[in-house]
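Let's take a walk through the spaces inside a protein and see what surrounds them. Keep the picture beside you as we go.

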Amino acid sequence: MTAHTPPPFKEHQSYLLDGKLLPWSGSIAKVYSPILDADAEKNTKNVGVLLGSTPDMDEASAIAALDAARSAYDFGRGDWPTADAHVRIRAMEKFIDKMMPKREEVVNLLMWEICKKRGDAEKEFDRTVIYLKETVAEYKNLHREGSHITSASGTLAQIRRGPIGVVLCLGPFNYPLNETFCVLLPALLMGNTCVFKPAKYGVLLITPLLDAFAESFPAGVVNIIFGRGRTLATPIMKTGKIDVLALIGNSKSSNALISQHPKPNRVRQVLGLEAKNPAIIFDDADLDLAVKECVKGAWSFNGQRCTALKVLYVHKNIRKVFLEKFAEATDALSWGTPFEDADITPLPEQGKVQYMESYVEDAVSMGAEIINERGGDVEGNMFFPAILFPTNREAAIFHEEQFGPVCPVLEFEDFEEVLTDIAESPYGQQVSVFTQNASTAGRCIDHMVNQVCRVNINASCQRGPDALPFTGRKDSAVSTLSVKAALRSFSIRTLVACSEDQQGLMEEVIAGGHSSFSSMNYLL
Ligand code: G3H
């Protein structure tokens, strides 16, 4: 790998509590890059470049953050949940303005910490900024929709969406900026208050933005703590004082956290979880297109995307030729550092290379072969994508979300076999269907739309564009995200209602500006 100068060692020592950036003097957690240290001895021991450290906070700090968020919410009577819409919009716009100049620093850390290649790291930052701007525009629409009275069977009502309460926000390592901010910021804009703990990997890149949070939002509205989920999130949930759990991760973690809450029924869940999106390649597919999309779908960011293609079903008649082309296109990928925009980069999670190897060994012991020449090659923390065929349905890789660069392939003759697998799968996010035949496509659409939440025709699975609903069935998600849907997920409809004979009083409330909820102010 080409040498690249690491960013200056970043010993981050502060956290955001109740509007103040406070110094942390307790234990710390060191942050290593997945890129190996050039020092020969460290390199042989697979030690990554030391990038810096962050606070490794304790339970008391977690509870202090929760208390700050609770007191800012103040049972819905706080300044933030009752603020006029334009106050919250101003705070959000201020935050976006302060975030933008940090682009290069954040992008650089995205590359060093999680090895996201430069182009994708830049895309993650830019996409997030656009998402936040569109969120403000959508919030204005939502507010306008609530600025009128409807009449139903003699009852006058004004309906708005109001905040839910205190949100615990936990993000993932693969999109540590985008996926986290796409839930955290909409939650804040709707008037909730939050405790946010960044992911274990991809944590330093949040630190350049701490000032922006502190300077844009009132005290206690957003509190940012660092450390282990078990130490911080578990005690917070146990208090029973969390109203919304926003977690992008897996159902094991979300179930464990929800079960800690003394009243799980009270916790609104906004969860993006595991997936096992299949691609189905029929014998009339445009094979070059299918190969191109499967390479992108299975291997972008080393397969570490919830939307990645994680199992391929290929029709018997074209299986041989498809696999030859897919193997060739996969082997043509480059591997190296994120700075040189390599396709395949080091894996950030500790032990992930061995984890991938164990999937391969297990599948091979059940009859599979790695069908691409470079498949399974290892250098440092890099694992070259491995295509497995034929995959036994008993193999772990067939059942589990691998979240990495190994892809199982199965052959099918009758579409019913594929349907049965998908129906019985615990996952239900998306599917990709490759065919040029309208009747096959139509049949597939009708079978699939009730199994997953997005059917992609002749294209790989993906979340974007962000205006589209992003969700999943079964173990793959709870709630829907999109620019519009996130605002709804973090709010609840609340209405003021009266019979028509109370119209005079309501007119007086509105005309006299006695209530910010019951107002007809129209945001432009
Ligand atoms: O990890 C899951 C992400 O939401 C996937 O987003 O399809 O844009 O890569 P993407």
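Helices (H or I, at least four residues) and strands (E, at least two) are DSSP runs, numbered from the N terminus. This is a predicted model, in which local features need pLDDT of at least 70, side-chain atom pairs count only at pLDDT 80 or more, and totals for chains, interfaces and linings use all residues. Residues are numbered from 1 along each chain as its sequence is written, and side-chain values use heavy atoms, leaving out hydrogens and water.

Let's begin with cavities. On a 1 Å grid over the protein atoms alone, a cavity is a set of points where a 1.4 Å probe fits but cannot get out; a pocket is an open set with protein on both sides within 12 Å along at least five of seven lines, and lining residues have an atom within 4 Å of a point. Points are joined across faces, edges and corners, and a volume is the space filled by probe spheres set on them. There are two cavities of 30 Å³ or more.

The largest cavity has a volume of about 60 Å³. Strand 12 (268-272) and strand 24 (477-478) each supply at least two residues of its lining, and Phe470 is one of the other residues there. Domain 1 (59-273 + 479-488) and domain 2 (277-472) both contribute to this lining, so the largest cavity lies between them; the domain bounds come from an automatic or database domain assignment.

The second largest cavity, at about 40 Å³, is lined by residues including Ile149, Leu156 and Met506. Strand 7 and strand 25 are the elements that give two or more residues to that lining.

Of its 34 lining residues, His143, Arg160, Arg161, Gly162 and Phe517 lie nearest the centre. Strand 7 gives the most to this lining, with six residues.

Finally, which residues surround the ligand? They are Arg127, Asn174, Tyr175, Glu179, Arg305, Cys306, Thr307, Gln462, Arg463 and Phe470, where being near means having a heavy atom within 4 Å. At least three residues of this shell come from each of domain 1 and domain 2. Some polar contacts (pairs of N or O atoms within 3.5 Å; within protein, one must be able to donate a hydrogen and the other to accept it, and residues adjacent in sequence count only if both atoms are side-chain atoms) can be picked out. An oxygen atom of the ligand is 2.8 Å from an N or O atom in the side chain of Glu179, and a backbone N or O atom of Cys306 lies 2.7 Å from a ligand oxygen atom.
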